[in-house]
Each structure stands twice: as structure tokens, then as C-alpha cells.
Amino acid sequence: MTPNEKTAADTPLLECRSIERRFGGLVAVTGIDMDIMPGEIFGLVGPNGSGKTTLTNAISGFYPPTKGAIKLAGRDITGMAPHKVAALGVARTFQNLALFNGMSVLDNILLGRHIHMRPGVLRTALYWWLARPEEIANREVVEEVIEFMQLESIRHELVDGIPMGLKKRVELARALVAEPRLLILDEPMAGMNQEEKEYMARFVLDARDERGVTVLLIEHHMDVITGICDRMLALNYGEMIASGAPKEVVKDPRVIEAYIGGARGTG
Ligand code: ADP
Ligand code: MG
């Protein structure tokens with residue numbers, strides 16, 4: 001299977017069955033069932049510590065589930081190493097940014113292309129590698145994404161000095177150049193003001209509509225994402241408390257209780 005291979009519209013792109021992840025005695029998530037259909041923007045919400053990041057780590061292979069099974073387009077990926085999951089078309093951004101300080105915006109974005117590079121390329125200078133005529137296709141994807149994410153004017157700036165909102169955009173660009181089938185965004189709007197959040201929401205919608213990616217969107221705050229998700233799953237203390245259409249999930253008494261009762265931090 002390659003990242004660009006098509007899946008039948010009625011086969012979930014991602015299937016999670018009875019997922020559990022323990023850390024020693026702590027049950028971080030348990031009994032999680034989640035299906036994401038191709039082309040969906042699927043929201044994962046819940047208070048801090050409810051297990052959202054743990055579930056994404058189980059999918060992407062960083063912390064494999066201690067129980068349960070995960071399939072990508074019908075293929076079992078349970079416990080697969082992160083680089084293999086990435087090679088099958090899963091890209092992610094991190095709740096705490098994982099950009100490389102001391103490198104430019106462009107170089108950070110180029111790194112997201114590594115799954116399409118031949119071995120050894122990372123040891124050579126990325127920019128010169130991309131200047132080779134046979135790498136035109138790779139270069140075109142990178143340029144197209146820089147334009148799509150409106151990062152042209154800061155492409156040569158070091159990521160260290162740019163504002164948080166732009167850093168989040170660079171991270172999204174780095175995930176998109178991998179041309180993923182499934183894009184996992186872990187709190188891409190954290191720390192943003194309302195206007196920046198709406199801007200980011202627009203990029204996520206456009207990524208789905210124009211670039212055909214399926215999105216798993218994690219958020220702590222529900223305001224902006226309920227407007228762009230097709231379906232949502234809410235967690236609390238590692239368990240599923242509600243799922244379905246966003247307008248139903250936000251009204252669910254267990255969700256309201258989790259958020260009101262659980263003012264457990266802000267981000
Ligand atoms: P969320 O992303 O919803 O805020 P997390 O998935 O980060 O929640 O955390 C869920 C629970 O699992 C928390 O109690 C957290 O402390 C714990 N946890 C997460 N990752 C680890 C880890 N690597 N080691 C130990 N405990 C962890
Ligand atoms: Mg988290």
C-alpha cells in the first residue's frame with residue numbers, strides 16, 4: 001500500500017477497536033472505538049488529561065496500545081513503528097511544537113518530505129538535494145504547500161523568531177508535504193486568539209477540500225472545531241463519553257459535566 005492508494009469510500013480510513021493504553025498502573029485510555037471515514041474531519045475533544053494525545057500516540061506508533069487493534073485502510077497497523085506508520089500515509093503535528101530551532105522555515109518544511117526521499121538524503125544538505133533535476137516532483141510539492149499555507153514571505157526566516165501562530169502553520173505545512181492520507185493535528189489552535197483560530201480552521205478545511213486529506217483534529221476547547229468537524233468523539237478520564245454529530249456531542253450532559261466539573265487546567 002502506498003500513501004496515495006485509494007480506499008473504497010465505505011471502508012474507514014482509520015479503525016480503532018477497544019484501544020487501551022496503560023503507563024504502569026495508570027490507565028490513560030481504555031475501551032476506545034473510533035472509525036474515521038475517508039474525507040472526514042473528525043474531532044477528538046475532552047478536558048486536559050482525558051487521553052487525547054495518548055490515543056494519537058497509539059495510532060502513530062509512538063506509544064503502542066496495550067490492548068486493542070488499529071487498522072489503516074483495512075490494514076493492521078497495531079504496534080507498528082512510527083516511521084512505518086508515517087510511510088503508510090499518517091502525518092501528525094505535536095501538541096508541543098516539534099520544530100527545529102536554528103533552521104529556517106523552508107528547511108523545517110523540507111524535513112516533512114523525508115518519507116519520499118531516498119535513504120541517505122538527510123545526511124546531505126536538503127536544499128541542494130532538492131535542487132537536483134530528478135527531484136523536481138518533490139520540490140513542486142514543497143513549493144505548492146508553502147504557497148497553500150501562505151508562508152512564502154517568511155520561508156528563509158529561522159523558526160526560532162516567528163510568532164506561535166506562524167509556527168503552528170509551519171508545522172502543518174511540514175505535515176502536508178508528506179502528502180498524508182490521514183493528518184493528525186494535536187491542538188493546532190492552542191495558544192491562539194479567536195482570529196488566529198479561525199484562520200487555522202480555514203487551513204484545515206482547505207486541506208481536506210483541496211488536498212484530499214482526512215483529518216483527526218484534537219482540541220481541548222470546543223468552540224471553533226465544532227464548526228468544522230463532521231463527527232466528534234469526546235473523552236473524559238480516558239473513556240468515551242459521547243460521539244456523533246458535533247451539535248449533539250456538545251449538548252450531551254456528560255460532555256457538559258466533564259467540562260464544567262472538570263476545570264482541570266486551560267491548555
Ligand atoms: P490529553 O492529551 O487529553 O490532555 P494525555 O493523553 O496527554 O491527555 O494524558 C492522559 C493521561 O495519561 C494523563 O493522566 C497523563 O498524565 C498520562 N500520560 C500521558 N502520557 C504519558 C507518559 N508518556 N507516561 C506516563 N503517563 C502519561
Ligand atoms: Mg494532549
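This briefing covers charged pairs and aromatic rings in one protein model.

The model is predicted, so local features need pLDDT of at least 70 and side-chain atom pairs count only at pLDDT 80 or more, while totals for chains, interfaces and linings use all residues. Residues are numbered from 1 along each chain as its sequence is written, chains are lettered from A and ligands numbered from 1 in the order in which they are written, and side-chain values use heavy atoms, with hydrogens and water left out. The structure has 15 salt bridges. The structure also has 4 aromatic pairs.

**Terms**

- A salt bridge puts a side-chain nitrogen of Lys or Arg within 4 Å of a carboxyl oxygen of Asp or Glu.
- Buried means under 20% relative accessible area, exposed means over 50%, and partly exposed is in between (1.4 Å probe, protein chains only).
- Helices (H or I, at least four residues) and strands (E, at least two) are DSSP runs, numbered from the N terminus.

**Salt bridges**

- R17 and E15 form a salt bridge, with their closest N and O atoms 4.0 Å apart. R17 is partly exposed, at 35% relative accessible area. E15 is buried, at 16%.
- E15 and R17 also belong to a network of salt bridges with D33 and D35.
- K67 pairs with E20 in another salt bridge, and here the closest N and O atoms are 3.7 Å apart. This pair links distant parts of the chain: K67 is in strand 4 (residues 67–72) and E20 is in strand 1 (residues 14–23), 47 residues apart. E20 counts as buried because its relative accessibility is 6%.
- D206 and R202 meet in a salt bridge at 3.3 Å, N to O. Which part of the structure holds D206 and R202? Both sit in helix 7 (residues 194–211), 4 residues apart, so about one helical turn separates them. D206 is buried at 17% relative accessibility. R202 is partly exposed at 46%.

**Aromatic pairs**

- Rings of Phe, Tyr and Trp (its six-membered ring) pair if their centres lie within 6.5 Å; planes under 30 degrees apart count as stacked, over 60 as edge-to-face and the rest as tilted.
- The structure's 4 aromatic pairs include F23 with Y63, whose ring centres are 5.4 Å apart and whose planes meet at 85°, so this pair is edge-to-face. F23 lies in strand 1, and Y63 lies in the loop between helix 1 (52–60) and strand 4, so the pair ties together parts 40 residues apart in sequence. F23 is partly exposed at 31% relative accessibility. Y63 is partly exposed at 41%.
- Why is the pair of F148 and F203 edge-to-face? Their planes stand at 65°, with ring centres 6.3 Å apart. F148 lies in helix 5 (residues 136–148) and F203 in helix 7, so this pair ties together parts 55 residues apart in sequence. F148 is buried at 14% relative accessibility. F203 is buried at 4%.
- F148 and F203 join Y199 in a cluster linked by ring pairs.

**Charges over rings**

- A charge sits over a ring if NZ of Lys or CZ of Arg is within 6 Å of the ring centre and within 35 degrees of the ring normal.
- R92 lies over the face of F62, 4.7 Å from the ring centre.
- R211 lies over the face of F148, 5.6 Å from the ring centre. F148 is also a member of the ring cluster with Y199 and F203.
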